[in-house]
Amino acid sequence: MKIIQQGVTP
Amino acid sequence: MYKRSRFNVVSETDLGELIVYNSYSGAIALFDKEEAEKVHGLLTKGASGETHLEQQLVQQGFLVSSEIDEKRRATFLHQTMHRTDSMHLVILPTESCNFRCTYCYEDFPRGKMTEKAKQGLKNYVQQQGKYLKQLTVSWFGGEPLLADDVINELSETFLQVANEQDFVYSAEVATNGYLLTKDRFEQLLKNGVQQVMVTIDGNEVEHNQRRKLANGEGSFATIFENLRSLKEVEGDFEITLRTNFDEESLAAMPDFISSLKANFGDDPRFKTYFRPVARWGGKNDECLPVCDRNTIDEKIWEFTEKAIEEGLPMSALIAGSLQPTASVCYAAKPNSFIIASDAQIFKCTLAFDAEENQLGTLEEDGTLNIDYDKVALWTTSGEETDENCQSCFFRPACQGNHCPFYRKATGDRPCSHEKRQIKKVLSLIAK
């Protein structure tokens with residue numbers, strides 16, 4: 001898996 | 001147990017890789033061919049969360065606990081727009097313009113910002129500073145660089161208050177580029193500006209047909225020379241090269257993109273942003289050769305892709321707009337106002353003449369005299385009025401509020417260009 005944009009709680 | 005998030009988009013690349021995006025977490029991830037089938041299965045059937053891969057999908061928000069009510073999450077996210085420690089001001093340092101573009105919707109009734117308006121803004125920001133974590137200013141107009149002295153004067157106060165009160169200050173400018181000399185640009189950077197949007201509508205012939213000076217002369221050569229001079233400036237910024245296209249300029253775009261590559265392809269701070277000309281309310285609206293919806297959906301991303309292939313990146317605005325709340329227009333945000341040059345307060349930059357858009361005035365002592373019933377009109381006409389929006393994968397990003405003006409004017413859903421072609425956009429982001 002390559003993270004392009006890290007997921008976070010808004 | 002974990003289920004797939006209702007806010008996921010799953011798309012395949014030409015190479016068989018899998019791109020997954022989630023509009024609540026903002027995550028975008030790329031899975032190679034070997035992982036793709038397994039991930040597809042997990043995101044279809046759900047998972048127990050036991051393996052490392054499953055945990056990664058949970059961390060990015062692609063899988064959520066099966067007990068989670070995601071619509072409630074989105075509703076709560078919408079409520080957080082009312083936090084008051086973050087503010088966005090769109091400021092019109094002048095409403096005059098040195099251009100008369102064919103598709104312009106403004107009629108320039110007010111000139112340069114008054115002393116009263118400037119003092120009101122300084123006092124307002126000084127009073128609000130202690131409550132703020134973040135202030136964003138968008139310099140707009142008119143042509144804001146006709147009043148760069150106003151930008152300098154107000155920026156000095158904003159930066160000083162940000163320093164004293166310890167909040168993050170950022171700014172951007174939308175300019176026609178005619179006055180954007182290297183010296184002026186360097187001053188803008190000192191003023192905290194991080195992004196400048198300059199409109200250039202094609203090569204010399206196409207651009208000059210659409211974007212003339214007020215005296216009728218062409219503007220292309222000066223803008224292009226200004227832009228080229230900015231390559232010598234050091235620093236971390238984005239020059240957004242915005243291109244508005246219409247039915248009659250489509251054929252010239254490939255040559256224009258090649259010209260952009262030749263001039264700016266060696267500087268990744270110059271980024272493209274293609275948008276369709278639309279009937280925005282100007283006096284020439286009926287004569288504009290606007291593209292139809294299918295052409296728009298196709299051409300925005302065709303031109304963007306060609307530019308990427310030529311080595312010109314697309315604007316960070318595009319990936320940025322996929323983040324949670326990032327496609328909500330300032331008109332729909334409770335803590336965002338337009339301050340006009342005569343201290344009038346508006347919500348929307350497209351409808352200055354509309355009575356519901358005239359919220360009130362900024363007083364010299366920094367008091368905002370605002371009709372909050374009008375604010376409510378702009379901030380409560382989104383997803384809460386539209387069941388389709390409530391069920392949409394893009395809901396956390398736009399909240400049904402990408403353009404409240406469009407929804408009000410047409411009754412149609414104001415979906416963003418990115419949302420309409422989300423799989424194409426994801427493939428371009430992954431390139």
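Mentor: Chain B carries 48 positive and 66 negative side chains. The centres of the two sets lie 3 Å apart. Keep in mind that this is a predicted model.

Trainee: How many helices and strands are there in chain B?

Mentor: Chain B has 17 helices and 17 strands. Its radius of gyration is 22 Å, close to the 22 Å from the globule rule for 431 residues, so chain B is as compact as a globular protein of that length. Along its principal axes, the C-alpha trace spans about 65 × 50 × 45 Å.

Trainee: What share of the residues of chain B counts as buried?

Mentor: Buried means under 20% relative accessible area. By that cut-off, 56% of the 431 residues of chain B are buried. Now turn to the outside. Chain B exposes about 18,700 Å². Carbon and sulfur atoms supply 46% of that area.

Trainee: Which residues account for 70% of the contacts in chain B with a separation of 6 or more?

Mentor: Residues 24 or more positions apart do. Hold on to that idea for the single residues below.

Trainee: What does the domain assignment of chain B give?

Mentor: It gives domain 1, residues 2–68, and domain 2, residues 86–320. The C-alpha centres of the two domains lie 37 Å apart.

Trainee: Now the backbone. Is the peptide bond from Gly141(B) to Gly142(B) cis or trans?

Mentor: Read omega for that. Here omega is near 5°, and the bond is cis. Gly142(B) sits in the loop between strand 8 (134–139) and helix 5 (148–165) of chain B.

Trainee: What is phi of Thr325(B)?

Mentor: Phi of Thr325(B) is near 70°. That is a positive value in a residue other than glycine. Thr325(B) belongs to the loop between helix 11 (316–320) and strand 14 (336–339) of chain B. Thr325(B) counts as buried because its relative accessibility is 18%, and the cut-off is under 20%.

Trainee: And what is phi of Ala343(B)?

Mentor: Phi of Ala343(B) is near 75°, again a positive value in a residue other than glycine. The loop between strand 14 and strand 15 (344–346) of chain B holds Ala343(B). Ala343(B) is buried, with a relative accessible area of 0%.

Trainee: Is Trp139(B) buried or exposed?

Mentor: Trp139(B) is buried; its relative accessible area is 0%. Find Trp139(B) in strand 8 of chain B. Then look across to Ile338(B). Trp139(B) and Ile338(B) are 199 residues apart along the chain, yet their C-alpha atoms are separated by 9.9 Å.

Trainee: Which residues does Leu89(B) touch, leaving out those up to four places away in sequence?

Mentor: Begin with its place. Leu89(B) is in strand 6, residues 86–91, of chain B. Its relative accessible area is 0%, so Leu89(B) is buried. Its partners include Leu121(B), Tyr124(B), Val125(B) and Leu135(B). Leu89(B) also touches Thr136(B), Val137(B), Ser138(B), Phe337(B) and Ile339(B). For a contrast, pick Lys283(B). Leu89(B) and Lys283(B) are 194 residues apart in sequence and 28 Å apart in space, C-alpha to C-alpha.

Trainee: One last residue. Is Arg211(B) buried or exposed?

Mentor: Arg211(B) counts as buried, at 7% relative accessibility. Look for Arg211(B) in strand 11, residues 211–213, of chain B. Check its contacts next, leaving aside neighbours within four places in sequence. Among them are Phe99(B), Cys101(B), Tyr103(B) and Asn176(B). Thr199(B), Asp201(B) and Ser219(B) are in contact with Arg211(B) too.

Trainee: How many residues apart in sequence are Arg211(B) and Phe99(B)?

Mentor: They are 112 residues apart in sequence and 6.7 Å apart in space, C-alpha to C-alpha.

Definitions and conventions:
Residues are numbered from 1 along each chain as its sequence is written. Chains are lettered from A and ligands numbered from 1 in the order in which they are written. This is a predicted model: local features need pLDDT of at least 70, side-chain atom pairs count only at pLDDT 80 or more; totals for chains, interfaces and linings use all residues. Side-chain values use heavy atoms; hydrogens and water are left out. Helices (H or I, at least four residues) and strands (E, at least two) are DSSP runs, numbered from the N terminus. The radius of gyration is taken over C-alpha atoms; the globule rule is 2.2 Å times the number of residues to the power 0.38. Buried means under 20% relative accessible area, exposed over 50%, partly exposed in between (1.4 Å probe, protein chains only). Contact means heavy atoms within 4.5 Å. Accessible areas come from the Shrake-Rupley method with a 1.4 Å probe; for residues, only the protein chains shown count as cover. Lys and Arg count as positive and Asp and Glu as negative; His and the chain ends are not counted. The place of a charge is taken as NZ of Lys, CZ of Arg, CG of Asp or CD of Glu. Domain bounds come from an automatic or database domain assignment.
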